[in-house]
Amino acid sequence: MRRLEVDTDYLLRVLFMMLNTPSPTGMTDTIVHYVCGELESMGIDYELTRRGAIRANLPGVRYSPDRAIIGHVDTLGAIVKGLKDNGRLELAMIGHWSARFAEGARCTIYSDDQKTFRGTIMPLKASGHAFNEEIDTQPTSWRNVEVRVDEFCHTKADLQHVGINIGDHVSIDAQPEITETGFINSRHLDDKAGVAAMLAAAKAMQDTGVELPVDCHLLFTISEEVGVGASSILHGDVAEMVSVDNGTIAPGQNTSEYGVTVAMQDMTGPFDWHLTRRLIDLCKGYGIEHERDVFRYYRSDAASALEAGNDIRTALVCFAVDGSHGWERTHIKSLEAMARLLSLYMQTDPAFKRDRRAMGPKADFPKQQMQYEDGAE
């Protein structure tokens with residue numbers, strides 16, 4: 001296998017373009033077109049599902065059994081739940097995130113006939129001059145925030161007159177920024193940073209013309225934040241799938257802040273024993289900074305793929321995110337490490353030859369090395 005150079009400038013350019021392209025779940029067409037354009041520029045063939053999930057293909061020497069690397073282009077957001085008598089908007093969340101991180105956010109409301117409106121998500125009690133200490137004691141919940149629309153709207157009728165409706169999507173401004181020290185602060189790094197690393201790895205493969213042992217599908221889903229991302233994009237030839245998503249920098253977690261993290265388990269259960277250890281071995285063998293971690297309150301595209309009935313080996317590799325689903329931060333070193341790991345993984349043989357068949361005999365079934373009480377393995 002070859003160590004491939006990652007084009008960091010390309011990775012950052014793609015990342016910032018995606019961060020500045022709103023794509024809350026249910027409103028992903030624009031970013032799908034953008035990712036398709038990047039694939040076309042690299043000469044990578046792809047096809048789309050009815051709703052816009054992308055299945056690209058990097059051809060290998062053999063087409064089956066093949067593998068998949070998967071990330072999601074949809075993000076958290078909100079939807080208009082109600083038009084209020086005070087001319088403001090009640091919201092319901094898209095995806096799972098706290099209203100604590102919605103307070104103060106600038107946002108865009110998308111209505112019919114391509115109308116858009118700007119606004120700010122405000123707590124119900126927003127002025128200390130009016131509410132004094134009550135601004136610190138009001139509960140944190142979606143029922144305690146509202147959108148202050150930047151239009152002449154002071155009644156429900158005003159909102160209806162300008163054309164705002166119940167069910168309009170609301171995107172949250174990403175506000176991306178990179179520092180001279182390499183830290184990237186932005187909303188929606190989950191999972192646009194992972195998608196940028198996937199595209200950077202694909203570019204490294206295309207630029208060098210490395211021969212792959214088997215086909216590798218790059219999958220980009222559009223509904224991971226609501227739990228159904230990979231449920232319909234796989235096909236029967238995929239034997240193993242690596243999900244790319246964010247790791248959690250927090251007390252009690254072991255996520256690598258400047259490298260990659262191989263998840264051993266999330267809330268849906270352990271990941272494949274053999275595939276996770278192959279990824280760890282690649283990190284060890286090629287000097288990629290890495291850690292292992294277990295996530296209690298986390299699920300990824302791997303979960304929806306298995307729940308849809310796919311009998312495949314799955315793993316989860318993570319770039320670092322501090323403040324996930326809130327004020328997020330990562331580091332360029334973590335994204336570079338992710339792209340390097342993915343470029344190496346694509347060059348490996350499938351974990352097991354027997355996986356080319358959905359069913360097979362016991363003779364070539366793998367064993368997990370365990371020490372029994374009598375000393376035998």
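Reader: Strand 14, residues 260-266: how many bridges join it to strand 16, and parallel or antiparallel?

Author: 5 bridges join strand 14 to strand 16 (residues 290-294), and the two run parallel. Strands here are DSSP runs of E, at least two residues long, and helices are runs of H or I, at least four, numbered from the N terminus. Two strands pair if DSSP finds at least two bridges between them.

Reader: What kind of model is this?

Author: A predicted one, where local features need pLDDT of at least 70, side-chain atom pairs count only at pLDDT 80 or more, and totals for chains, interfaces and linings use all residues. Residues are numbered from 1 along each chain as its sequence is written, and side-chain values use heavy atoms, with hydrogens and water left out.

Reader: Which residue in strand 16 stands opposite threonine 261?

Author: Glutamate 291.

Reader: And how does strand 14 run against strand 17?

Author: Antiparallel, with 3 bridges to strand 17 (residues 313-322). Valine 262 has valine 317 as its bridge partner there.

Reader: What joins strand 14 to strand 15?

Author: A hairpin, through 2 residues. Strand 15 (residues 269-270) runs antiparallel to strand 14, with 2 bridges. Aspartate 266 is the bridge partner of glycine 269.

Reader: How many residues of strand 14 are buried?

Author: 6 of its 7, so strand 14 is mostly covered. Buried means under 20% relative accessible area, exposed over 50%, partly exposed in between (1.4 Å probe, protein chains only).

Reader: Switching to helix 6. Why is it called largely enclosed?

Author: Because 17 of its 20 residues are buried.

Reader: What span should helix 6 have?

Author: Residues 189-208 should span 28 Å at 1.5 Å a residue, and the end C-alpha atoms are 28 Å apart, which agrees. The expected span is 1.5 Å times one less than the number of residues.

Reader: What comes just after helix 6?

Author: Glycine 209, with a positive phi of about 65°.

Reader: At what angle do helix 1 and helix 6 cross?

Author: Roughly 145°, and the axes of helix 1 (residues 8-19) and helix 6 come within 9 Å. Axes are lines fitted to C-alpha atoms over the stretch in contact, with angles from 0 to 180 degrees between N-to-C directions.

Reader: Methionine 205: buried or exposed?

Author: Methionine 205 counts as buried because its relative accessibility is 2%. It is found in helix 6.

Reader: Which residues is methionine 205 in contact with?

Author: Leaving aside neighbours within four places in sequence, Leu4, Val210, Leu212, Ser343, Met346 and Gln347. Contact means heavy atoms within 4.5 Å.
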